[in-house]
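Please look through the model below from its overall make-up down to single residues.

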Amino acid sequence: MKVSDRTHFTLRRLHSLSGVFPIGVFLLEHFYTNSKALQGGAAFDQAAAELARIPYVGLVEAFGIWLPIAFHMVLGIFIAATSQANVARHGYAANWQYTLQRVTGIILIFYIVFHMWQTRFDAGYLNSPSPYQFMREQVAAPGVFWFMVVGILSACWHFGNGLFGFAIHWGLATGREAQRNASRLGFAVFVLLALVGINSLLAFSGRALYPDWLSKPHAEEHEVVYQGGPR
């Protein structure tokens with residue numbers, strides 16, 4: 001199907017926008033919630049329960065997460081099918097970014113379907129008294145663990161490099177130097193999120209890195225004393 005250049009340009013802008021808002025925001029929230037596993041099973045289960053208690057959570061997920069993801073997926077497949085990469089011929093870094101963006105997008109289709117089934121429809125999850133314990137049992141299987149590693153790395157790259165594309169499509173980085181800086185920022189976001197995401201995954205198996213200097217010690221409970229005596 002052929003579309004006009006104007007329509008194609010508009011679709012590309014909408015595609016990049018949906019990858020940042022709301023999908024990118026959801027990814028950041030998802031990593032934040034998963035990082036609760038660093039504090040133990042009780043902390044993660046509490047965070048999962050709080051999300052489940054959001055008013056109209058079904059509608060929020062449908063219109064704020066799943067429909068935007070479906071839109072991004074379908075449009076991404078269309079863009080990938082009508083575009084051409086020339087990595088083998090030129091080998092420029094930009095071409096590798098272009099190709100990896102589409103490869104990770106295809107990987108994410110399978111990963112998101114798997115993860116959505118795993119945490120929304122799987123009978124083991126639905127009947128489990130503890131989401132933390134369920135995930136702990138899942139990542140104990142090497143195949144599942146490494147598939148999730150690949151999925152997390154793909155999501156981090158797709159979002160980080162997607163910020164670079166967003167900056168270009170929306171005119172935030174027009175000059176060569178600005179685009180170079182946007183590319184560096186996107187790569188830095190990828191590295192940072194990858195470290196956070198993989199460390200959160202390792203937390204479910206008790207192998208995460210969580211040094212004391214990354215946490216703030218809890219203040220001991222004490223009686224607050226006001227001027228004039230305790231109240």
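Phe 21 is partly exposed, because its relative accessible area is 49%; buried means under 20% relative accessible area, exposed over 50%, and partly exposed in between, with a 1.4 Å probe and protein chains only. This is a predicted model, in which local features need pLDDT of at least 70 and side-chain atom pairs count only at pLDDT 80 or more, while totals for chains, interfaces and linings use all residues. Residues are numbered from 1 along each chain as its sequence is written, and side-chain values use heavy atoms, with hydrogens and water left out.

The protein has ten helices and two strands. Helices (H or I, at least four residues) and strands (E, at least two) are DSSP runs, numbered from the N terminus. Starting at that end, the order of the elements is α-α-α-α-α-α-α-α-α-α-β-β. Of the 231 residues in the protein, 34% are buried.

Back to Phe 21. A cis peptide bond, with omega about 10°, joins Phe 21 to Pro 22. Pro 22 lies in the loop between α1 and α2.

Phe 21 also takes part in a ring pair. Rings of Phe, Tyr and Trp (its six-membered ring) pair if their centres lie within 6.5 Å; planes under 30 degrees apart count as stacked, over 60 as edge-to-face and the rest as tilted. The structure holds twelve aromatic pairs. In one of them, the ring centres of Phe 21 and Phe 166 are 6.5 Å apart and the planes stand at 75°, so this pair is edge-to-face. It links distant parts of the chain: Phe 21 is in the loop between α1 (5-20) and α2 (23-34), whereas Phe 166 is in helix α9 (residues 142-169), 145 residues apart. Phe 166 counts as buried because its relative accessibility is 15%.

Another pair is formed by Phe 145 and Trp 146, with ring centres 5.2 Å apart and planes at 80°, so it is edge-to-face too. Are these two residues buried or exposed? Phe 145 is buried, at a relative accessible area of 8%, whereas Trp 146 is exposed, at 54%.

Ring pairs also join Phe 21, Phe 166 and Trp 170 into a cluster. Arg 13 lies over the face of Trp 170, 3.8 Å from the ring centre. A charge sits over a ring if NZ of Lys or CZ of Arg is within 6 Å of the ring centre and within 35 degrees of the ring normal. Arg 102 lies over the face of Tyr 98 in this way, at 3.9 Å from the ring centre.

Next comes helix packing. Two packed helices are described by the angle between their axes and the distance between the axes. The axes of α9 and helix α10 (residues 176-203) come within 8 Å and cross at roughly 155°; axes are lines fitted to C-alpha atoms, for helices over the stretch in contact, and angles run from 0 to 180 degrees between N-to-C directions. The two helices are therefore roughly antiparallel, a term for angles over 145 degrees. By class, their contact has 21 nonpolar, six polar and no charged residues. Ala, Val, Leu, Ile, Met, Phe, Trp, Tyr, Cys and Pro count as nonpolar, Asp, Glu, Lys and Arg as charged, and the others, Gly among them, as polar.

Lastly, Tyr 56 has a positive phi of about 55° although it is not a glycine. Tyr 56 lies in the loop between α3 (41-52) and α4 (57-81), and counts as exposed at 66% relative accessibility.

Key. Parallel < 35°, antiparallel > 145°, perpendicular 65-115°, else oblique.
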